[in-house]
Amino acid sequence: MKTRTSYRSVDFHPAPPGWRSVFLADDGTITTEPMPGWLIQEEIEFDAETFEDISPTGYRRVVASYMDGAELEPVSDFSGFWCVISPDQPLPTAEQAAEELASRRAGHGR
């Protein structure tokens, strides 16, 4: 049997108001979305042919979330995601955005 691993959300912790997910478009445009909170996810092993869960691996991770319709998903799964900033952090500058885009184009970023 061939197996693979994936993550499933097992818990959620809301973020205080003001936390934001920052997205960077290919043209350098910076946008933000409210960050709802953190997902606690466990890694699961599943059968690659039937997609049936076999068992948790014992590994967990905490990831920033994004509201996709009515579902919470890891924000890092969405195109253009750059970073998460706290309520007291300023938006990244145009210079920082240019550096990030250059890094992405060189194959070092998202």
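Which strands do the buried residues of α1 pack against? I'll start there. This is a predicted model, so please keep that in mind throughout.

The buried residues of α1 pack against β2 (20–24), β3 (30–34) and β7 (81–85). The helix itself covers residues 94–105, which makes 12 residues. From its first C-alpha to its last it reaches 16 Å, close to the 16 Å expected at 1.5 Å a residue. Its buried residues are Ala 97, Glu 100, Leu 101 and Arg 104. Looking down the axis of α1, you find these buried residues within an arc of 100°, so they line one face of the helix.

Two of those residues are charged partners. Arg 104 and Glu 100 are joined by a salt bridge between their side chains, at 3.1 Å from N to O. They sit four residues apart in α1, about one turn of the helix. Both Arg 104 and Glu 100 are buried. Just after the helix comes Gly 107, with a positive phi of about 85°.

Now the sheet. Four strands make up an open sheet, in the order β1-β4-β5-β6, with antiparallel pairing. At the edges are β1 (3–14) and β6 (71–74), each of which pairs on one side only. From one strand to the next, the twist averages 45°. Between β1 and β4, which spans residues 37–47, there are 11 bridges, and the two strands run antiparallel. To place yourself on the structure, find Arg 4, which stands opposite Phe 46 in β4.

How many salt bridges does the structure hold? It holds three. Another is formed by the side chains of Arg 8 and Glu 42, at 2.9 Å from N to O. This pair links distant parts of the chain, with Arg 8 in strand β1 and Glu 42 in strand β4, 34 residues apart.

Glu 42 also forms a salt bridge with Arg 60, where the closest N and O atoms are 3.8 Å apart. Here too the pair links distant parts of the chain: Arg 60 is in strand β5 (residues 53–68), 18 residues from Glu 42 in strand β4.

Arg 8, at 31%, counts as partly exposed. Arg 60 counts as exposed because its relative accessibility is 51%, and the cut-off for exposed is over 50%. Through shared partners, salt bridges join Arg 8, Glu 42 and Arg 60 into one network.

Terms used. Residues numbered from 1 in each chain as written. Predicted model: local features only at pLDDT ≥ 70, side-chain atom pairs only at ≥ 80, totals over all residues. Heavy atoms only, no water. Expected span 1.5 Å × (residues − 1). Buried < 20%, exposed > 50% of the residue type's maximum accessible area, 1.4 Å probe, protein only. Arc of directions from axis to C-beta. Contact = heavy atoms within 4.5 Å. Pairing = 2+ DSSP bridges. Axes fitted to C-alpha atoms, helices over the stretch in contact; angles between N-to-C directions. Salt bridge = Lys/Arg side-chain N within 4 Å of Asp/Glu carboxyl O.
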